[in-house]
Amino acid sequence: MTHDSTKFNLSPSDELDEFDPLADGADDEDADAADGLAAAPGSAEGALAHASDNGRPAPADERPAEERTADLLASMAPRRKVLLSILAHCFEPRPVAQVNALVDELQQNNFSVYSAANLCALLEKAGALERVTADGQPADDVESEPRVVVVDGVEYLEAGDPVEVCWLATDAGRAAVEADKPLERLRDLLDHDAAYLPIYKRILALCAAEGGAKTPDINAAVDNDLLVQKPRFYAPHFVDKLEKCDALAWQKAWVVTEVGRAGLEMLADVVDKPANGTKTPATADEKE
Amino acid sequence: MAEARTPETVEATGAADKAADAADEATMEDFIQLNKQRAATYGLLSRLYRVEIDEELLEELRGMRFPAKTGSDEVDAGYRLIAQYLSNAWDNSVTDLAVDYVRTFIGHGVDAFSAAYPFESVYTSEKRLLMQEARDEVLAIYRAAGLDKQDSWKEGEDHIALELEFEQILANRTVEALERGDEDEAFSLLTTQKNFLDDHLAAWAPMMTSDMRRFAKTDLYRGLAHLTDGFLSTDRAFLADVLADNDEKR
């Protein structure tokens, strides 16, 4: 064993030349101030650990995997698209490193405290993903043993070569992907918000331009329109709805997706004539 | 009383003295080596308890050889479990281990019985609170040895990582003392190590490792519990033997 700690948390103190250990302790302010129980963590790892147990077997979630997966997608709405993309990518066994790279790419412009490993662990727990070998066998059934080596007559254990682990979507995972119909959600949205079709068309058209559209540009094009005055809505309200339908994506600017382009086609007949003429920023400032 | 010596006996005695010196030198080399290994093991244990395992450490662990038959069943069981885990490490092992670290050492309950809290105060105070007498005592011992915690360390000084690191530092000082031929200092340091083990580490760590076995889900942290128990117990016996031998010689 060669490991040695080179980053000590204890270090020689220059201020201790006159220190009398027997006189210490009673007047240490920190000791009284810091009394308390061990603190709870706040990280994603903490959340995953807490989802488990208290040293006792956690009550098993006996709901079907489909239900647990739907629950996960609903409760992690901001990560829904990433979760579904993982599942869609894993219709065949995919090496873990490849899936991690995909998630990193998907979250490149959309930071999350949840890493690829966290998200996959949540999907696995929900029964939507499983760990398999490259040929599709459950990974837990294949265990690599440590190697025994003899050096100078002494027996040692060395880590064996691990089996390559892949992620594979389960039936529940596949069903979740197949049940996700963003175009239908967009159609429903446009039907429901028929009064705002010009607004939706305007936003989609702006974001369809090369390089997409920045938030201030979208705000300037929408916020002063008479259509959004009563009840008062602002551009992010509509952008958010379009994003939830996967019609827009943030890539350092809002850009339309394939679904968004289909949405623009649906809105081809809508006449987008700014009701009142969108006020210029200067006019808006004057109003303030 | 002086003993009369013939030239032959002087020559023979001289050869024997040289052989004895050589043997002492070899023994001293072994003794120094042994203390270096003790320091390294304390260092490894301290690191494993201090914070979660990162990619770098995981790779380092995967490249290590673990003795298979040390003579301590607990140590052997610990190394086997750790080697077993490392043999099945995968791309997301660091996350799995981070989750297990939180589950094992931090927990989520408020009843003070929800994890293997790595603080001596928790196991030696009636209400299982942090920052109790044990912390004051170890802090005084660290300071008596000219040590204090670094500003970057935000936990109590009675965290097991610091107590193990204290033993590591003293073992390293023992090596330095032996290398410069200061045996009195070396044995004084070994005595401090033994006392610290008896009064602190070995007095409470077994209760914590017992909890670790309940809470940890990965073989790595389960193995760490066995390894800690086995190593502390072996080191305690080693220090007792060494110091008893030294007392006899004196």
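In this predicted model, the largest nonpolar core holds 74 residues, of which B:Y49, B:I53, B:L61, B:L86, B:L220 and B:Y221 touch the most other members. A nonpolar core is a set of buried Ala, Val, Leu, Ile, Met, Phe, Trp, Tyr and Cys residues joined through side-chain atoms within 4.5 Å, where buried means under 20% relative accessible area (1.4 Å probe, protein chains only). The most residues, 12, come from helix α8 (residues 183-215) of chain B; helices are DSSP runs of H or I with at least four residues and strands are runs of E with at least two, numbered from the N terminus. Beyond its neighbours within four places in sequence, B:Y221 is in contact (heavy atoms within 4.5 Å) with B:L48, B:E52, B:I53, B:L97, B:D100, B:Y101, B:F105, B:M212 and B:A216. A second, separate core of 27 residues includes A:L83, A:V165, A:A169 and A:V177.

The sheet comes next. Three strands form an open, antiparallel sheet in the order β4(A)-β5(A)-β1(B); two strands pair if DSSP finds at least two bridges between them. Because β4 (147-151) of chain A and β1 (65-67) of chain B each have a single partner strand, one side of each is left without a neighbour in the sheet. Three bridges join β5 (residues 154-158) of chain A to β1(B), and A:L157 has B:F66 as its bridge partner.

Residues are numbered from 1 along each chain as its sequence is written, and chains are lettered from A in the order in which they are written. Local features need pLDDT of at least 70, side-chain atom pairs count only at pLDDT 80 or more, and totals for chains, interfaces and linings use all residues, while side-chain values use heavy atoms, without hydrogens and water.

Terms used:
Buried means under 20% relative accessible area, exposed over 50%, partly exposed in between (1.4 Å probe, protein chains only).
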